[in-house]
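Have the structure open while you read.

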Amino acid sequence: MIMNPVISTDQLTMRFRGCDALMGVDLKIQPGTVFALLGENGAGKTTLIRILTGFQKPTGGSANVCGFDPLKQPMEVRRRVGYVSDNPVMYDWMTVGQIGWFTASFYPEGFYDCYREQIARYEIPEDRKIRVLSKGQRAKIALSLSLAHDPELLILDEPTSGLDPMVRREFLESMIGRAASGRTVFLSSHQINEVERVADTIGILHNGKLQTCEPLNDLKGSMTELTVSMDDSLVEVPTLPEPAQTLLEENQGRQRRVLVRHFDSSMIPFIESAEGVVGVRERAMTLEEIFIAHTRKGFSGPADPPPGSGRSDGPSDGSGDHSPDDSKSGPEVIATGESS
Ligand SMILES: Nc1ncnc2c1ncn2[C@@H]1O[C@H](COP(=O)(O)OP(=O)(O)OP(=O)(O)O)[C@@H](O)[C@H]1O
């Protein structure tokens, strides 16, 4: 059954003075998924979330959240979405109970009871003032407020920062339960290992461009790291036959680290037959390694551009087009020959 995406964006662009925070982001998130948006500091994650929740007007493109335009119908969106920002602002002078009671007035019946259940689980006294709460307790209050109306879509910007390990684990596991019941969870996070345990779909944002957005298993299953040993550092690794796509090559002395998408072990004899190649080792990549690779200078971008996408700066153009200030340090990077 084909379902309408809970979130879809079309060429979403956000240009601040002197900064392109988002550049043509095309995103589709299906209901019942835990989607994790990964990106370095300043990649554009919070900007994207602010647009999706109607707090920021994009300079280009469009977004649809739960069937509504967040810009034109922000209240419809907020009714269906639970949102916790990376820096939740709350009325400090209220008590834990009062803030729940106050927020409940914006939502249908049942909100306050759900909220109280949640904070009781977190063992936070209702008469405690918000301003005296610890960072983690504030995070728990913000989460409880965002969950109390059982939203269709939960958007969390760095949800686990400030939570202790037990609560983090319990909370993330509860996200899997939400997705299983048909709700959708959108997490923005730096905690790649944590995300890997719960997310079923991964988006990687780099310098405002969506480098990839696909199921975690497909992403991990399609990426291979090859270590090619050569008798001379100038030896060329032969162009691999389709469907393999070389995404990044890095020189490490007489070894070449090659990241390949859709590699097949049957291609190893082909590489080994090239002049100067001494041996080839292949291994699967962790999500963290895949993430780092997607943010490296020289990475040639998503392998499978969407049909009809002819943009040179789009999220899936495969061009490896990086801004001039993209100058991450690292080993020497060699052009892959895959970029158009
Ligand atoms: N109001 C603004 N005016 C100017 N530039 C902005 C504004 N908001 C964000 N930016 C810039 O947009 C870029 C993306 O910022 P954003 O906060 O979306 O990044 P992020 O991925 O959430 O980063 P982090 O992981 O550090 O929170 C940054 O370069 C930031 O400086």
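## A hairpin to start with

Asn251 has Arg256 as its bridge partner in S12. That pair belongs to strands S11 (residues 245–252) and S12 (residues 255–261), which run antiparallel over 7 bridges; two strands pair if DSSP finds at least two bridges between them. The hairpin has 2 residues between its strands, and Gly253 there takes a positive phi near 65 degrees.

A word on ground rules. This is a predicted model, where local features need pLDDT of at least 70 and side-chain atom pairs count only at pLDDT 80 or more, while totals for chains, interfaces and linings use all residues. Residues are numbered from 1 along each chain as its sequence is written.

## The overall picture

The protein has 10 helices and 14 strands. Those labels are DSSP runs numbered from the N terminus, with helices (H or I) of at least four residues and strands (E) of at least two. Of the 340 residues, 39% are buried. A residue is buried if 20 or more other C-beta atoms lie within 10 Å of its own, exposed if 12 or fewer, and partly exposed in between, with C-beta atoms placed from the backbone.

The largest nonpolar core holds 80 residues, and Val34, Ala36, Ile155, Phe186 and Leu187 have the most contacts inside it. Domain 1 (7–206) and domain 2 (222–334) both contribute residues, so this core lies between them. The domain bounds come from an automatic or database domain assignment. Here, a nonpolar core is a set of buried Ala, Val, Leu, Ile, Met, Phe, Trp, Tyr and Cys residues joined through C-beta atoms within 7 Å.

## Strand S7, wrapped up

Strand S7 (residues 184–189) is largely enclosed by the rest of the structure, because 6 of its 6 residues are buried. Thr184, Phe186 and Ser188 point one way, Val185, Leu187 and Ser189 the other way. Its partners include S3 (residues 34–39), parallel to it through 5 bridges, with Leu37 paired to Ser188. Strand S6 (residues 153–157) also runs parallel to S7 over 5 bridges, and there Leu153 pairs with Thr184.

H1 itself is mostly covered, with 7 of its 8 residues buried; Lys45, Thr46 and Thr47 are among them. After H1 comes Gly54, with a positive phi near 80 degrees.

Most residues other than glycine have a negative phi, and most peptide bonds are trans. Two residues that are not glycine have a positive phi here:

Pro243 sits in the loop between strand S10 (223–230) and S11.
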